[in-house]
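I opened the model to look up the ligand site, the cores and a few single residues. My entries follow in that order.

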Amino acid sequence: MPIYRAPLDDYRFVLNELLEIDKQRDLPGYADLTPDLVEDILVNAGKFCEEVLQPINQSGDEEGAHFENGVVRTPKGFKEAYKAYSDAGWGALGAPADLGGADLPISITMAVGEMAMAANQSFAMYPGLTSAAYSALAATGLPWMREHIAKKMISGEWCGTMCLTEPGCGTDLRLMKTRAVEQPDGTYKLTGTKIFISGGDHDLTDNIIHMVIAKIPDPDGQIHDDLSTVNFFMVPKFIVGEDGKVGARNGVTTGGIEKKMGIKAQATCVLNFDEATAWRLGPKPTPPKPGEKRHSSAGMAGMFGMMNGARLGVGIQGIAIGEVAYQNGYAYVHERRVGRALTGPAEPGESADLEIVHPDVKRMLLHSKSFVEGARALAMWTTLNMAVAHSSRPDAEAAGLLADLMTPVLKAFCTDMGFEAANLAMQCYGGHGYIRDNGVEQFVRDGRINQTYEGANGVQAMDLVGRKLGRKGGAAPFALFGQINGWLEENGKDEAMAPYVKGIKRGLDALQGATLWLAQNGLANPNNAGAGAYDYLRMMGIVVTAWMWGRMAKVANAKLAAGQDDPAFYKGKITSAKYWMERMIPECPMLLERIQAGADTVMAFE
Ligand SMILES: Cc1cc2nc3c(=O)[nH]c(=O)nc-3n(C[C@H](O)[C@H](O)[C@H](O)COP(=O)(O)OP(=O)(O)OC[C@H]3O[C@@H](n4cnc5c(N)ncnc54)[C@H](O)[C@@H]3O)c2cc1C
């Protein structure tokens, strides 16, 4: 049976020792965040994930979500677990206090989210999408929607979804066909088909609130292949009146659920909207005057807000799947006996040594550990920047730019690396990893979707290179490079930090070189930017994670020097930090060379 232990020590380390969140009480949401409160949340969330969510992960995968006679049912135990999750208030952690939430900062909600995703990704997506949906509704909805709908989503009484994808449009939302026609009472009739909708229908809650994007046709009924008329709507499964009364079933039916490679307990639905009653969210669109350029509608802002939160959440899923896979691989190689240590038997009295003696096995596990812990620090540092961005601190603007810059990096780098970690854990099991009963292949299947949904990773790379790098004259990469260079200067003379300073500097030189090359050659020929974007994103992921490792090594050195009572934990940090410098940083000059090869050969491919 697969195992999962919430990585509480690592969260304590990142939040308390690395980021020192106790010193951030001036940030929005951090005022009441005492060490005791953080400890209480981590311990109880960890316990819930270990004892309630993880035990139904494998059985949920075997049984899957069912679709029978138009009704979707989740696997055994999911409904009870969802009720327990909601009753414990886990779904309300980050929600606004005036709507019944605990108003805790995203650093805490993401920590809890990671544990839930690691314990049971299929399950955790139901409340995960609900939280993305209620956040968008709370930000853009009318007072009655906040009062009667958002509150019920926050309490867990109702769930929510995000409906963007259609058969002919996923990445390219301009091609969307779903349309919404305004009615005399100000509501809309929304018609179209949305596919691949996570939690699109299920039996966990009585009502489901769909957050849908659709086009508002011109008065002559025409819809355009651009974003100018795309708007953001709320479509409840059962209609909710302005007084909060729940009425008739809306015009949205479930066409079926997808048979998928993984996350089988998650109901991924086809939803057919047939003149469904919809409420437009956000400001009313103003159609362009004749001859005027068509721009994205204001309603898109609500959707992008929802997607940005969800992108970070998917990056965290990558870390989560890496963590649980690593834990299982680690446990297995400490039980399995195979071969002998290269330097002579480690346990001569046994028929063979434990699998962990082999350098290649240690390599696989250390690769995953150094990714998971480094990426966790990076994600938490990013969530701290998000809070700074909303504060009155002088570096608020820079923090916002850094958080924006890191969003596609976290989404793509962490999900690619999380998948690598899952695959390596399966390798640790040998052939047994390929056998379903052992549970580790589920992590590979579940973790694979993280690289694709919420914007395919190649599209994230284009977002990074095409949008984020150049914004405000390159202010975001300047801010990042400035911070890393500042750290290098500060630690340059410290002998104990030499391996990290050297490694980070090497990575940063390559990253700055690539940034300059893309600025010079990507503008002249956009294919150069497109062909190098993926390598650039990976390089940025490696370098910023290396910087996190340098910072963590410094904390670990100090703790060891002070004679900490858990030296193994801190020594483990030093080993992982060194691994990242020795084994990941060398990719950077190689990635630079690939980027500088440009687009010619790639584009010559017919
Ligand atoms: C299990 C599951 C759950 C999902 N949940 C939801 C959900 O809840 N709500 C929702 O709305 N959608 C959901 N999706 C849809 C998902 O977000 C899309 O599948 C994804 O965004 C890609 O869109 P597509 O499948 O149409 O691929 P396409 O847009 O056809 O793209 C195909 C491939 O082309 C490449 N590509 C496309 N455009 C570019 C570009 N500009 N630059 C570089 N490469 C490019 C990428 O490699 C991409 O993978 C889900 C999908 C799955 C499988």
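I took a polar contact to be a pair of N or O atoms within 3.5 Å; within protein, one must be able to donate a hydrogen and the other to accept it, and residues adjacent in sequence count only if both atoms are side-chain atoms. The model is predicted, so I note that local features need pLDDT of at least 70 and side-chain atom pairs count only at pLDDT 80 or more, while totals for chains, interfaces and linings use all residues. Residues are numbered from 1 along each chain as its sequence is written, and side-chain values use heavy atoms, with hydrogens and water left out.

**Ligand site**

A backbone N or O atom of E454 lies 3.5 Å from a ligand oxygen atom. At F196, a polar backbone atom is 2.7 Å from a nitrogen atom of the ligand. T165 places a polar side-chain atom 2.6 Å from a ligand nitrogen. I then checked the area: the ligand taken alone exposes 970 Å², and the protein buries 61% of that (Shrake-Rupley method, 1.4 Å probe; for residues, only the protein chains shown count as cover).

How many residues surround the ligand? I found 20, and the closest are L164, T165, T171, F196 and S198 (near means that one heavy atom of the residue lies within 4 Å of the molecule or strand). I sorted this shell into eleven nonpolar, seven polar and two charged residues. Here Ala, Val, Leu, Ile, Met, Phe, Trp, Tyr, Cys and Pro count as nonpolar, Asp, Glu, Lys and Arg as charged, and the others, Gly among them, as polar.

Which element gives the most to the shell? I noted β5, with three residues. The elements that give two or more are β3 (159-163), β5 (188-198) and α12 (457-468). Helices (H or I, at least four residues) and strands (E, at least two) are DSSP runs, numbered from the N terminus.

**Cores**

I looked up the largest nonpolar core, which has 194 residues; M406, L480, Y536, M539 and M540 touch the most other members. Such a core is a set of buried Ala, Val, Leu, Ile, Met, Phe, Trp, Tyr and Cys residues joined through side-chain atoms within 4.5 Å. Buried means under 20% relative accessible area, exposed over 50%, and partly exposed in between (1.4 Å probe, protein chains only). Leaving out residues up to four places away in sequence, M406 touches L378, W381, T382, L480, M540 and V544 (contact means heavy atoms within 4.5 Å). I also found a second, separate core of nine residues, including V333, V361, M364 and C428.

**Single residues**

I found R506 in helix α14 (residues 498-524). R506 counts as partly exposed because its relative accessibility is 44%. Not counting residues up to four places away in sequence, R506 touches I585, P586 and P589.

E20 is not a glycine, yet it has a positive phi of about 45 degrees. I located E20 in the loop between α1 (8-18) and α2 (35-53).

I263, also not a glycine, has a positive phi of about 30 degrees. Its place is in the loop between β10 (252-257) and β11 (268-281). Is I263 buried or exposed? At 4% relative accessibility, I263 counts as buried.

Last, I checked N57, in helix α3 (residues 57-63). N57 has 9% relative accessibility and therefore counts as buried.
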